[in-house]
Amino acid sequence: MRIVSPALMPVCAYTPVMVGFFQRTLRLRTALRHLSPHSTFSSTATAGRPPVDLCGSFLPATSWQSGVCCRKLHSGADGSKPSPAAAPDRRPFSRITREDLDSFRKIVPGRVITDPDLLESSNVDWLKSVRGSSEVLLRPQTTEEVSKILKYCNGRNLALNPQGGNTGLVGGSVPVYDEIVLSTALMNNILTFDGISGILTCQAGCVLENVSIYLEERDYIMPLDLGAKGSCHIGGNVATNAGGLRLLRYGSLHGTVLGLEVVLADGRVLDCLATLRKDNTGYDLKQLFIGSEGTLGVITAVSILCPRKPKSVNVVFLGCETFEQLLKTFQLCRGMLGEIMSAYEFLDSECMRLLNTHLKLPNPISETSGSDPTHDGEKLHNFLEEAMNSSLVTDGTVATEDSKIKALWSMRERVTEALTHDGFTYKYDISLPVERIYQLVTDMREHLGGRAKSVVGYGHVGDGNLHLNITSPAKDPALLAAIEPFVYEWTASCHGSISAEHGLGLKKRNYIYYSKPRQVVALMGDIKAMLDPKGILNPYKTLPDDLK
């Protein structure tokens, strides 16, 4: 179940709930009057909305200028001292020569890109907040080609940036300087699917949405769902240990990924592409690469366990006046919906204001999913009735039709888009004890006072993941200095994590000590040195600068 404030909640084999904080939303009481325990749910939601373009600019168009370097983007409050998020000095890697290009053309004939116009999209991150200056893009189609590329680069000491759909939010998917970009876009084949076990094996460049469509046609679904599903690659999802909207129901990729094929820095192919639910023979090496952000090896293929497609889905959007009521609704939801709750998302009234102001979207959501529409409908009806009678929610709406479900979910998925219209955005992906996640938003508003244009909170209540976003009319180093390290110190004081699902990348690498002890980070450095002694794989990312 997913809850957003308002809340979207689907019920049955699959039920997400979204909850939002505001005074009034849609007509839940009216809907309840027309629901019997054995009926399906009708929706009072608005009609379907056009597809979401989540690739909007992170910087307003007026503030982005071609060629702005990472160091300048993250300069300190005085405009001179770089922040910990700034790029470090370029390491002494070799530079590309004509002979190197000739060698690459033999390995991947016709797939060596040097045209600056074609390289543009690979040099700039999804949020347009980080820009590299790579002069070469390689597009391999097979694991063998990736192996040859890495072996050559390792021998020549050429730095390399693995890149999937380039939808990352922490600057981990684009070069910092002139690293070679290795794209997995042409490695997009589904290799096998076992319709009995539900185990899918595919190349790393498969787009999440395409795989989802393939599986749904066979009565299965991916255990992962993201707002960027139309662009992101499976390999990138695994490399960043992406969380998403289904984690509450199906768990993280550390549990659903059964096997990986990975090419190491020296070109060796590590074949851990198992399709077994159980394998207790030695160390589970694949776990090293899940969430490693391309710094330990290049993932070329994935085997993943996929659940059956729910036979019924209901989405509920609920309105709560306080976060305390939202948490009590979550507890009630878990108790009464149990196994059919698939997600519980929330967004606050400031998010709703931005959605209405910038995207003209009216109020919204909650979700469940299951296998028995009658059973699920009865559970949902009882839950909604109890939630209303106990005054935990003020109002809401329910959707069962695909178009209306998508319209409700778009409220949650389009918050990022709405923020891009509000100004320069500072984004934080925080993991906290569930009862504390909104307190950070409240404390940040008090801490910043009138220095920020907007401070909003939304995210995954079910797994304690807050997306804190702060906007200003333009890039403001003084505002950034007020946000950081306050946000990280606050998170550390609650024993939270400074990165719940986005990774560390370039922007957060030096803040890792707020979440991990020094001896743990040192061991990470030892593993990196063992697997990539020259440091050619995705340099300047994930690990802090003090690990040399």
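## Basis

In this predicted model, local features need pLDDT of at least 70 and side-chain atom pairs count only at pLDDT 80 or more, while totals for chains, interfaces and linings use all residues. Residues are numbered from 1 along each chain as its sequence is written, and side-chain values use heavy atoms, with hydrogens and water left out.

## The largest cavity

The largest cavity holds about 910 Å³ of space; a cavity is a set of points, on a 1 Å grid over the protein atoms alone, where a 1.4 Å probe fits but cannot get out, and lining residues have an atom within 4 Å of a point. Its lining counts 46 residues, of which Thr 167, Gly 168, Leu 226, Thr 240 and Ala 242 are the closest to the centre.

Elements that give two or more residues to this lining include strand S4 (160-163), helix H7 (234-239) and helix H14 (402-413), and H7 provides the largest share, with 4 residues. Helices (H or I, at least four residues) and strands (E, at least two) are DSSP runs, numbered from the N terminus.

## A nonpolar surface patch

Tyr 283, Leu 285 and Leu 288 make a nonpolar surface patch of about 350 Å². Patches consist of residues with over 30% relative accessible area and no salt bridge, with like charges joined within 9 Å and nonpolar side chains (Val, Leu, Ile, Met, Phe, Trp, Tyr) within 5 Å; a salt bridge is a side-chain nitrogen of Lys or Arg within 4 Å of a carboxyl oxygen of Asp or Glu. Leu 288 has its place in helix H10 (residues 286-289).

Note on methods
Accessible areas come from the Shrake-Rupley method with a 1.4 Å probe; for residues, only the protein chains shown count as cover. On a 1 Å grid over the protein atoms alone, a cavity is a set of points where a 1.4 Å probe fits but cannot get out, and a pocket is an open set with protein on both sides within 12 Å along at least five of seven lines; lining residues have an atom within 4 Å of a point. Grid points are joined across faces, edges and corners, and a volume is the space filled by probe spheres set on the points.
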